[in-house]
Amino acid sequence: ARVDGSDKSFKTNKSSGRSATKLSHSKSRMEPKMTLENQENVCAKRYSSPTVSKRSKFSSNRNNGSSNNVSIMYLLKKSRTKREIEVLVDEIIIPSLSNGLSNLKVSKNESSNIDISSKQLTQVIDYLGTRSCISSMLKVLRQASRKDCVILCGIHSFNAAILQLAKSDQKVRVISLLKEMKLFRLNPNSYTFTALFLAVDGGSEASSLWKSLTSDYSMHPNIHIYNAVIRSCSRGHGKDAQAGFFFFYNMRDAGIVPTKETYISLMNCCVKMKQKNVVLSLMDEMQRSGFPPSEGSWGAALSACAADGDITSTLSLFKKMKEMKAFINTRHYNALLTGMSKNSGQDKNALKILEEICCQPVTRPDIVTLNSVLASCAKSLNYDDARLLLERMCRGEFVAQSNLKTPKNNKHPHSQSLTILPDVISYNIVLSVCPDPISAFNLLQEMRMSRRKRVGVVTPTAVSYTNALSVCRAAKDFDMAKEFMALSKADGLKPNVFMYSAFIWASASCHQYQVTVE
């Protein structure tokens, strides 16, 4: 600020600073209020100012120096709700695809142009899929596929649409998009086939899709396609995951060298089949091939040992991870605690590991971690520690995500600490180890009274009442068994075969044979 009005620069001292401040405040008081027209012009600068086009990464006219063009990706990212995105697609993007260049009225006196290139079309389709706007994404894709469209979509746009469909809950529609590609004489490439295998789960579905793509589309598989199909097999259950070995042997016969991702996907297939020894042998073969153990391979090996109930192998693997200074995440801790929950006498060790997780700067517990610790206490018939841990969960002492200032959190400021509250599985685990029917009744009442809360509502299920009836059987308390049956009917629960079986056993233990027959 120049107080004397001259053009010469001078050093600002205390007196000049005070005078400049006074002048600025008086000037702001003398300014008239902004009119409606001025407000519209200010709002128009959000879309038509040169700074916006320079800052926007996806600006289509940043090279020619034009300041009247608006990036369509900028408009999409400014839309916060799904409804705003759908309106933007219907009113701006679809006309832009038909006319090539759409005129957007941003104020009474100014207007800006929306220009969509073929590269931006792929980015628009990918962004709409990530925001779960599947119908708008398909609408844009089909509009760009018309013959009268100025910008014809290519293989990259279809690949982006197939990938987003495979990640959504509308996986069955990927085959229809593949057929549309064939109608437009677009030959699918390896990216297309890799995205297609993301939409199938299990070995049977992966095998049928493999045969269809090989016969109808002349697919020539490479390492990426083999990794995708083996990963699809690992999402199956039981013997359905065994097809991953068939594709693994075919890949070796074709002379394709497996990568680290191949071994990890194959190890996950063995976890689903509960083949611990095969997982450990694959881990050794992976190291001999020159691939050091990663987070995925450690997690698969720990999960396989935990599923088999081999606590000795699980603890030795966990100790080996610490010796190699490998990063231990929540999945690794959960696998260790799952193995402990299948062996009695591991409740104290599980509680120590829980405190170790809470002291970690990055790794935090989740609901699976806490339920595994509760299961370890229940396996050891330790009701007191299980009840104390449940009360700590109700008080919100555990958070699922750290609030550290990491680069990821700086990019995503909405990531905050989430309090872990007990779910119905937590209550059911503690109910199974209650020492008397009164304790079970108090827990059930606590679950029923949680309906008054807005957060953390836990409604009793048939499993909850079955566990309570089992407690009555052990205590030989027939009156409380009848009370639990009445409470279940008051909650609107229809007793299933397990509830009836538990009630029959409780009646038989109390020598109520007539009730048992009825």
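What share of the 518 residues in the protein chain is buried? Buried residues make up 45% of them, where buried means under 20% relative accessible area, exposed means over 50% and partly exposed is in between, with a 1.4 Å probe and protein chains only.

Hi everyone, a quick word on what we are looking at. This is a predicted model, in which local features need pLDDT of at least 70, side-chain atom pairs count only at pLDDT 80 or more, and totals for chains, interfaces and linings use all residues. Residues are numbered from 1 along each chain as its sequence is written, and side-chain values use heavy atoms, with hydrogens and water left out.

Let's start with the overall make-up. The protein chain has 28 helices and 3 strands; these are DSSP runs numbered from the N terminus, H or I of at least four residues for helices and E of at least two for strands. A contact here means heavy atoms within 4.5 Å. Among contacts in the chain with a separation of 6 or more, 60% are between residues 24 or more positions apart.

Now to two helix pairs. Two packed helices are described by the angle between their axes and the distance between the axes. The axes are lines fitted to C-alpha atoms, for helices over the stretch in contact, and angles run from 0 to 180 degrees between N-to-C directions.

The crossing is left-handed, that is, the near helix is turned anticlockwise from the far one by less than a right angle, while clockwise would be right-handed. On the helix 17 side you will find Ile 311, Thr 314, Leu 315, Phe 318 and Met 321, and they meet His 332, Tyr 333, Ala 335, Leu 336, Gly 339 and Met 340 of helix 18. By class, that contact has 8 nonpolar, 3 polar and no charged residues. Nonpolar here covers Ala, Val, Leu, Ile, Met, Phe, Trp, Tyr, Cys and Pro, charged covers Asp, Glu, Lys and Arg, and the others, Gly among them, are polar.

Have a look at Thr 314 in helix 17. Thr 314 counts as buried because its relative accessibility is 0%. Leaving aside residues up to four places away in sequence, Thr 314 touches Leu 302, Cys 305, Ala 306, Ala 335 and Leu 336.

The next pair is helix 21, residues 383-394, with helix 24, residues 437-449; their axes come within 14 Å and cross at roughly 15°. That makes helix 21 roughly parallel to helix 24. Tyr 383, Arg 387, Leu 390 and Cys 394 of helix 21 make the contact with Ser 439, Leu 443 and Glu 446 of helix 24. This contact has 4 nonpolar, 1 polar and 2 charged residues.

Finally, the cysteines. How many disulfides are there? The count is 0, a disulfide being a pair of cysteine sulfur atoms within 2.5 Å. The sulfur of Cys 233 is too far for a bond, because the closest cysteine sulfur, in Cys 269, is 5.6 Å away. Cys 233 is buried, with a relative accessible area of 0%. Cys 359 is exposed, at 67%, and its sulfur lies 6.8 Å from the closest cysteine sulfur, in Cys 358, again too far for a bond.

Definitions and conventions:
Parallel < 35°, antiparallel > 145°, perpendicular 65-115°, else oblique.
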